[in-house]
Amino acid sequence: VEWLGGVPEHWKIGKLKRWFNTVSGGTPNSNNYAKYYKNGTHPWLRTTDLNNGILTSFEIGITDEAIKESSCKYVPEDSVLIAMYGGDGTIGKNALLKFKSTINQAICALIPNSHFNPEYTFFYIQFYRPYWMVNAMGGRKDPNINQQQIQDAYFVLPPFDEQNKIVDFLKKEHSRIDSLVLKQNQLIEKMKEYRAS
């Protein structure tokens, strides 16, 4: 394909569920704040915490009782998190988790495995974000997706060394583009100063 170039025939393609385990979480009863949230030390993430980037911090902690008495379970570091609820502005929001954490029921976690570089997985999920809305559905004003739809999404598996090269290339490109954006913003600020003077 002229505009696409050659697609390596040794790359594998299949549904995401072929290679990944996925899990979701839960929300401890907020009516019992003192028992489940007050002085909580276990990280607990919501879709509003997902930053479409590397996630290194959390805002809300939950207690030992919340872990024992709700469906909140830990997901490991390097899980890729995907927002399932919230309509067009939220569905597909994502993050690469850099610490162990619990999640609520609106988040689907792709559990890391030996087939994939977690950063490659994260970049692929970022690329795929616009497509989640195609299958979003629900009776509410804001449609949702579910774990089954995420599991049925097609995923591309290059060899691990090629995944690493793709990640390195994308990081360099992101850095270059971020630098250009910064320069343009600085130029815009200077032009505003000139106009004001």
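We're working with a predicted model, where local features need pLDDT of at least 70, side-chain atom pairs count only at pLDDT 80 or more, and totals for chains, interfaces and linings use all residues. Residues are numbered from 1 along each chain as its sequence is written, and side-chain values use heavy atoms, with hydrogens and water left out.

**Exercise 1.** Find which residues line the largest pocket, and how they divide by class.

*Solution.* Start with the term: on a 1 Å grid over the protein atoms alone, a pocket is an open set of points with protein on both sides within 12 Å along at least five of seven lines, a cavity is a set where a 1.4 Å probe fits but cannot get out, and lining residues have an atom within 4 Å of a point. Next, list the lining: Trp-11, Tyr-120, Phe-123, Tyr-124, Phe-127, Val-156, Ile-166, Leu-170 and His-174. Helix 3 (118-132) and helix 5 (160-196) are the elements that give two or more residues to it, and helix 3 gives the most, with 4. Helices here are DSSP runs (H or I, at least four residues), strands are E runs of at least two, and both are numbered from the N terminus. Now sort by class: 8 nonpolar, 1 polar and no charged. For that count, Ala, Val, Leu, Ile, Met, Phe, Trp, Tyr, Cys and Pro are nonpolar, Asp, Glu, Lys and Arg are charged, and the others, Gly among them, are polar.

**Exercise 2.** Work out why the pair of Phe-58 and Phe-99 counts as tilted.

*Solution.* Rings of Phe, Tyr and Trp (its six-membered ring) pair if their centres lie within 6.5 Å; planes under 30 degrees apart are stacked, over 60 edge-to-face, and the rest tilted. The whole structure has 18 such pairs. For Phe-58 and Phe-99, the centres are 6.0 Å apart and the planes sit at 40°, so the pair is tilted.
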